[in-house]
Amino acid sequence: MSEIDELFPPVQYGMGWVLLAFGVLVALLAAAFLLIWFTRPRTTFTRRVSGSATTEAPADVLAALRGEYLDRLQGIEDRYRDGALDARAANRELSREVRAFVQDYSGFEAPVLGLQDLVAQGVHPALVDAMGRHYYPSMFRSAVDLDPVAGVEAGRTVVTTWH
């Protein structure tokens with residue numbers, strides 16, 4: 001037999017090409033997994049009390065939320081009357097609690113918005129009044145210490161009238 005008639009084994013791929021193909025396959029599988037993971041429907045959680053899931057009506061939940069925040073406002077008023085808080089600190093806490101209530105109740109991000117932003121958003125007038133007449137002047141103007149008891153009443157109005 002001549003050299004031309006001999007059979008040669010097929011040319012083998014280098015190890016680098018095999019590793020590259022394997023890496024591309026792994027990357028595609030990881031991308032598919034992440035796509036499925038991040039786009040899956042989220043599970044909902046129910047609050048459990050004594051081992052059983054509660055099915056409170058939304059009105060009951062909202063009434064409980066109002067009651068919780070009214071208690072918080074009363075606590076701020078009590079601490080102010082006892083002398084544990086000065087007027088400026090009390091108004092600052094009142095502002096924080098009233099804004100937190102609005103966010104917890106409606107999802108509206110009141111804690112991060114300024115007074116002008118709240119007015120521009122067209123929020124409930126009780127919140128604009130409480131912020132503009134009671135909380136902002138006490139916090140941002142020097143030598144202005146408004147009576148926090150009036151601020152508590154304004155906060156109660158927001159909590160009881162917020163829609």
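The structure is a predicted model, with a mean pLDDT of 85 for the chain and 86% of its residues at 70 or more.

**Confidence**
- Over residues 45-52 the pLDDT falls below 50, and beyond near neighbours in sequence this stretch has 7 contacts in the model.

**Helix α3 with helix α6**
- On the α3 side the contact is made by Ala87, Ala90, Asn91, Leu94, Val98, Phe101 and Val102, while α6 contributes Pro148, Gly151, Val152, Gly155, Val158 and Val159.
- Sorted by class, this contact of α3 with α6 holds 10 nonpolar and 3 polar residues, with no charged residues.

**Helix α2 with helix α3**
- Helix α2, formed by residues 58-81, has an axis that comes within 10 Å of that of α3 and crosses it at roughly 175°, which means that α2 is roughly antiparallel to α3.
- From α2, the residues Leu62, Leu65, Arg66, Tyr69, Arg72, Leu73, Ile76, Arg79 and Tyr80 meet Ala87, Ala90, Glu93, Leu94, Glu97, Val98, Ala100, Phe101, Asp104 and Tyr105 of α3.
- The contact of α2 with α3 comprises 13 nonpolar and 6 charged residues, and no polar ones.

How values were computed:
Residues are numbered from 1 along each chain as its sequence is written. This is a predicted model: local features need pLDDT of at least 70, side-chain atom pairs count only at pLDDT 80 or more; totals for chains, interfaces and linings use all residues. Side-chain values use heavy atoms; hydrogens and water are left out. Contact means heavy atoms within 4.5 Å. Helices (H or I, at least four residues) and strands (E, at least two) are DSSP runs, numbered from the N terminus. Ala, Val, Leu, Ile, Met, Phe, Trp, Tyr, Cys and Pro count as nonpolar, Asp, Glu, Lys and Arg as charged, and the others, Gly among them, as polar. Axes are lines fitted to C-alpha atoms, for helices over the stretch in contact, and angles run from 0 to 180 degrees between N-to-C directions. Angles under 35 degrees count as roughly parallel, over 145 as roughly antiparallel, 65 to 115 as roughly perpendicular and the rest as oblique. pLDDT is the predictor's confidence in each residue, from 0 to 100.
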